[in-house]
Amino acid sequence: MKNWLFLSIAIIAEVIATSSLKSSEGFTKVLPSVMVVVGYGVAFYFLSLTLKTIPVGIAYAIWSGSGIVLISLIGWLAFGQKLDMASVFGMGLIVAGVVVINVFSNATAH
């Protein structure tokens, strides 16, 4: 169970880092730039901890898929970026894929 907590921390840290990347304005703003570097460091550290028990392909699929959806939602909510029906449908497929992996795959460490 601890590994799923580590994966969740990795996902949250990556989402914070990527959101800060937009705010860093090409690394010209100090605080968002620091958040990018620290966020990605935390994300990769905790992702590496999950790989002790969760297969790399499964962990990366969940990490990246969740990150795509969360970053898109933050872009929409915080930055006013548009999401059309095709992008919403595609993200729905990503969420469905993550659910299928977690519920039905025997490759995950439950």
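Contact is taken here to mean heavy atoms within 4.5 Å. The structure is a predicted model, in which local features need pLDDT of at least 70 and side-chain atom pairs count only at pLDDT 80 or more, whereas totals for chains, interfaces and linings use all residues. Residues are numbered from 1 along each chain as its sequence is written, and side-chain values use heavy atoms, with hydrogens and water left out.

The predictor's confidence in each residue is expressed as pLDDT, on a scale from 0 to 100; its mean over the protein chain is 92, with 97% of the residues reaching 70 or more. Among the elements of the chain, the lowest mean pLDDT, 90, belongs to α4, and the highest, 97, to α2. Helices (H or I, at least four residues) are DSSP runs numbered from the N terminus.

Helix α2 has 21 residues and, at 1.5 Å a residue, should span 30 Å, which agrees with the 30 Å between its end C-alpha atoms; the expected span is 1.5 Å times one less than the number of residues. With buried defined as under 20% relative accessible area, exposed as over 50% and partly exposed as in between (1.4 Å probe, protein chains only), the buried residues of α2 include Pro32, Val36, Ala43, Phe46 and Leu47. The buried residues of this helix pack against α1 and α3.

In soluble globular proteins, nonpolar side chains tend to be buried together.

Aromatic pairs were identified for rings of Phe, Tyr and Trp (its six-membered ring) whose centres lie within 6.5 Å, with planes under 30 degrees apart counted as stacked, over 60 as edge-to-face and the rest as tilted. Four such pairs are found in a search of the whole structure. The ring centres of Tyr45 and Phe46 are 5.2 Å apart and the planes lie at 85 degrees, so this pair is edge-to-face. Tyr60 and Trp63 form a tilted pair, with 5.5 Å from centre to centre and 50 degrees between the planes; both residues lie in helix α3, three residues apart, about one turn of the helix. Tyr60 is partly exposed at 47% relative accessible area, whereas Trp63 is buried at 6%. Leaving aside neighbours within four places in sequence, Trp63 is in contact with Leu7, Ala10, Ile11, Glu14, Ala43, Phe44 and Leu47.

Ring pairs also link Phe6, Tyr45 and Phe46 into a cluster. Not counting residues up to four places away in sequence, Phe46 touches Phe6, Ile9 and Ala10. Phe46 and Ser8, 38 residues apart in sequence, have their C-alpha atoms 8.6 Å apart in space.

Ser66, in helix α3 (residues 56-78), counts as buried because its relative accessibility is 18%. With residues up to four places away in sequence not counted, Ser66 touches Ile11 and Val98.

Note on methods
Helices (H or I, at least four residues) and strands (E, at least two) are DSSP runs, numbered from the N terminus.
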